[in-house]
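Hi,

Here is the structure I promised to pass along. Have a look at it first, and then read on for what turned up.

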Amino acid sequence: MRLLKLLLPMVAIIGILDASYITWEKVNHVIPPCSPGFACETVLTSKWASIGPVPLSALGLLFYVSVLLIASLLFLEIPYIKIAKSKFSVFQILQFLTAFGFLFSLYLVFVMGVLIQGWCLYCLFSAATSTTLFILTRALKGDPKETDLHREIISFLYSQVLKPIFFHFDPEFIHHQMVVTGVFLGSFGLGKWFTKQMFSYQNPKLEKDLAGIHFTNPVGLSAGFDWDADLPEILPYVGFGFATIGTVTLESYAGNERPRLSRFPDSKALLVNKGFQSMGARALIKKLNEKTFAIPIGISIGATNRQYRDMEEQMNEIVKAFKLFENSKVDHSYYELNISCPNLTTGQPFTKPSTLSKLLSKLDVLDIARPVFVKMPIDLPVSDTMALIEQMKKHKWIIGVILGNLTKDHANPAVTTADREKWRTMRGNLSGKPTFERSNNLIRATRKKFGKRFIIVGTGGIFTPEDAKIKMKCGADLVQLITGMIYEGPQLIGQINKELV
């Protein structure tokens, strides 16, 4: 600990030298020398290089000087500083500063790589320096209440800085960039460790054993975010206790016509119109064969989004997809049977008891070895949903229900009037807050009618730890989310788990 406390001011001094040099050159209107392959001049003369008349390098210099002063107090074993009549923890201040510096560096790297499409050697060096300061601070041991402060800082910075920037760009473009970032961080040990330090919260009290599956915590990633299984390596370190891949279809499908994603911020919703975008079951099996996963991974399976001769052909295709995964060496823990996506060419053919019964009877012959959850529609009346679950009750291999999916109800009171009018001109259906109360009502009804027969996964509209608690009070054993993470930030998973404890 003593060595770490010594390294902090030393690294801060390195940052001061870098920022001072860039600031001096900026004030004197000189472009510093740059290595081949870098675009220092392009970056340092861009509109992003200053905030008003103040160069970012000058703000960086102020940041590193502040870190040096606070880190020096920490090294001298001064735990608190007094300002007026208030007393502040030196460790907390250092946590705040280094977390802010790191996240701002991430923002600047995003600006260089995506907006300017050029790299400044000195700026990258500064980003590496601020990242090192953050890592060193996270390695220090402090009061548990203080060491969790970084998630609150990340939440503030995400909502106030990063999200406004992200929301200026096409949602699919941002989603792709986040997936690329996740793949990169999950490809090496330091990236995983760093992600865990940033977001994850772990506690043995969160662990659950359900249907023979060990969940490290009850917060999962819903199907629809990682449809081609790019992220299993990084998801445990973000803090998820389980995750669902897909929805996967037998044949590949490039997705519905663009736009496939849109944002409705006033309604806290996403308009989704992917229609089971998938590389196909065979390609996904080849991609995942013989890989091992740190958390339970589920495979969501549905029908390929195309026209069928009849329902028999559609059911046979779903059966074939299950059979492929059953005969594969993929290390998945469970399945999700998705009968409720409203964005398919064929609609929702298995949301009637008679047709669902036929599909489940066809799947019976496979003698499926892993537990199966069924992803339910959210807009049906409660009585109709209970009738569907009554059919599932007859099949012992169905051990859970996921409540629920996208809403296609244009009269949904949780959607603002302006968003409702906008929705009428667009294709797709809504996730997020418009599904929250409907999901809760179905969870309550299912638990009341079927007791402990089914594991209940509550999904839809989880934006805060309190939202997750409400789902569980209604009767959910586990919860899943996507939209809340997009609106609130990836630290939300850790915040939920901490509050559940």
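There is an open sheet of 3 strands, in the order 9-10-15 and with antiparallel pairing; please keep in mind that the model is a predicted one. Its edge strands are strand 9 (261–264) and strand 15 (429–430), each of which pairs on one side only. Strand 10 (residues 269–272) pairs with strand 15 over 2 bridges, in the antiparallel sense. If you want to find that spot, look for Val 272, whose bridge partner in strand 15 is Asn 429.

Next, a helix pair. Helix 4 (residues 90–116) packs against helix 5 (residues 121–139) at an angle of about 145°, and the axes lie 8 Å apart. Their crossing is left-handed. Among the residues that meet here are Phe 91, Leu 94, Phe 102 and Met 112 from helix 4, and Leu 124, Ser 130, Phe 134 and Arg 138 from helix 5. By class, this contact has 11 nonpolar, 8 polar and 1 charged residues.

Finally, helix 16 (residues 436–450). Which of its residues are buried? They are Phe 436, Ser 439, Asn 440, Leu 442, Ile 443, Ala 445, Thr 446, Arg 447 and Phe 450. The cover over these buried residues includes helix 14 (382–392), strand 14 (398–403), strand 16 (455–459) and helix 17 (465–474). Just after helix 16 comes Gly 451, with a positive phi of about 55°.

How values were computed. Residues numbered from 1 in each chain as written. Predicted model: local features only at pLDDT ≥ 70, side-chain atom pairs only at ≥ 80, totals over all residues. Heavy atoms only, no water. Pairing = 2+ DSSP bridges. Helix = DSSP H or I, 4+ residues; strand = E, 2+ residues; numbered from the N terminus. Axes fitted to C-alpha atoms, helices over the stretch in contact; angles between N-to-C directions. Left-handed = near helix turned anticlockwise from the far one by under 90°. Contact = heavy atoms within 4.5 Å. Nonpolar A, V, L, I, M, F, W, Y, C, P; charged D, E, K, R; others polar. Buried < 20%, exposed > 50% of the residue type's maximum accessible area, 1.4 Å probe, protein only.
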